[in-house]
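This report describes the structure shown below. Please keep the structure in view while reading.

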Amino acid sequence: MSAFQVKIVGDFCNLRCKYCFNCNGKRSTKTIMHLDVLEKVFKVLSQSKQETIRVHWHGGESLLAGIDFFERIIAHEKKISDKRFVNIIQTNATLVTKDWADFLFQNHFHIGVSIDGDEAMHNLNRVYENGQGSYKDTLRGANILRSVGFKVGVICTVTKETIASGKKGFLSLVKNDFNSVAFNAFHEESDLFEVRNVSNNEWLDFLKDIFDTWIELNDDKIRVREIDRILAWVEGRVANTCAFKSTCANWFTIDWDGLIYPCERIGRVPKFGDINKLDSFDEIFQTEEFANWSHKLHILPDKCKKCSMVELCNNGCTSHRIKKDEIPHFVYCDAQLSFFDYIKDQIGVYSKKKEVICNG
Ligand code: SF4
Ligand code: SF4
Ligand code: SF4
């Protein structure tokens, strides 16, 4: 089942996060999807055989498109009565007002907010153009969203500068009542960013620290994506994430101008087509560009072919594979294997805690 990330404002953003890979100047260019292109997006999606269509309304900062733009989105969706649209926004939350929160809640959006731990960790990287940290504005926005009824999930990016403070950052999020957290290790293969990249050992120590803290917290309401997906595996379930389910080839980005790429974490290569020239999205699946790219995606390095965790890990997130390898290999492979062993060793402790929680 395909899912779509529609970059309605391109890379346009009100923040200047230091690790943002949209940092090539485009964040200051006001690009907003033309209403004709939006209409075409819905025309093409309406031809899909899927009954449920999942759309991530993306940027940059997608709220910069304005409420009017989102009202158009809802109007289009209402006209396509044979489909169910699931709308998702990942936002820096600095622009959230009560009006925004009411609108998004009434229209059943799902919301994720990017918060990088505590104030000091967050403000180290997530800054405005004048260098001022955005933490207070982000927290204010997240609290407005919660005040109208949203359960706000958090994506917390960790870089080499913040990774040692993982426990502190996690506890700060929990203290602020964020119960659903996903951690992203920062890794970008470019001279510009290399200095921020998290190493295998750092990522492993971080994950162990977060797991131990989660056990100490002893609260099943607190969900951490990185722990959940390994526990799911240990318990014989498959975690519902694109990397682990090997569904990367089902994710498409539609840029503000209509050009179509893979998941936005991969960037703007390869280019699969232009929404303005399509009648149905199926035409993309028939292109040579897409066939070649998705074929390569599923070629596994020898180490993965022999790995007992391959069904869980599938060589990791595509954006975290080392591009210069002949067959790109997951950069955090070693950390993943060791973390899996660590959880297996600790599972007795976890089960006891779970028993206490369930019976308590
Ligand atoms: S909020 Fe997102 S798009 Fe904007 S600068 Fe930060 S990382 Fe980049
Ligand atoms: S690049 Fe990673 S996050 Fe994006 S769809 Fe592929 S596996 Fe998922
Ligand atoms: S843990 Fe390592 S070897 Fe195993 S599937 Fe993942 S990347 Fe491949």
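## Overall form

The model is predicted. Its chain contains 14 helices and 10 strands. The radius of gyration of the chain is 20 Å, close to the 21 Å that the globule rule gives for 360 residues, so the chain is as compact as a globular protein of that length. Along the principal axes, the C-alpha atoms occupy a box of roughly 55 × 50 × 45 Å.

Ligand 1 has around it Cys13, Leu15, Arg16, Cys17, Cys20, Asn22, Arg27, Gly59, Gly60, Glu61 and Asn92. By class, this shell comprises 4 nonpolar, 4 polar and 3 charged residues.

The shell of ligand 2 is formed by Cys242, Ala243, Cys248, Trp251, Cys263, Arg265, Ile266, Cys317, Thr318 and Ser319. Of these residues, 7 are nonpolar, 2 are polar and 1 is charged.

Around ligand 3 lie Lys303, Cys304, Cys307, Met309, Val310, Cys313, Asn315, Gly316, Phe330, Cys333, Gln336 and Leu337. The shell around ligand 3 is made up of 8 nonpolar, 3 polar and 1 charged residues.

Which helices each supply at least two residues of this shell? They are helix 12 (302–305), helix 13 (310–313) and helix 14 (333–359). Helix 14 gives the most to the shell, with 3 residues.

## Helix 6 and helix 7

The axes of helix 6 (residues 166–175) and helix 7 (residues 200–217) come within 9 Å, and they cross at roughly 40 degrees. Helix 6 is therefore oblique to helix 7, an angle from 65 to 115 degrees being counted as roughly perpendicular and one under 35 degrees as roughly parallel. The crossing of the two helices is right-handed.

On the side of helix 6, the contact is made by Gly166, Lys167, Phe170, Leu171 and Val174. Helix 7 contributes Phe206, Asp209, Ile210, Thr213 and Leu217. The residues of this contact divide into 6 nonpolar, 2 polar and 2 charged.

## Features of the backbone

Two cis peptide bonds may be examined in the loops. The peptide bond from Gly59 to Gly60 is cis, with omega near 20 degrees. Gly60 is in the loop between strand 2 (52–58) and helix 2 (67–79), and both Gly59 and Gly60 belong to the residues that surround ligand 1. A cis peptide bond also joins Val269 and Pro270, with omega about -5 degrees. Pro270 is situated in the loop between strand 9 (259–262) and strand 10 (273–274).

Although Ala93 is not a glycine, it has a positive phi of about 65 degrees.

Key. Residues numbered from 1 in each chain as written. Chains lettered and ligands numbered in written order. Predicted model: local features only at pLDDT ≥ 70, side-chain atom pairs only at ≥ 80, totals over all residues. Axes fitted to C-alpha atoms, helices over the stretch in contact; angles between N-to-C directions. Helix = DSSP H or I, 4+ residues; strand = E, 2+ residues; numbered from the N terminus. Parallel < 35°, antiparallel > 145°, perpendicular 65-115°, else oblique. Left-handed = near helix turned anticlockwise from the far one by under 90°. Contact = placed C-beta atoms within 7 Å. Nonpolar A, V, L, I, M, F, W, Y, C, P; charged D, E, K, R; others polar. Near = placed C-beta within 6 Å. Rg over C-alpha atoms; globule rule 2.2 N^0.38 Å.
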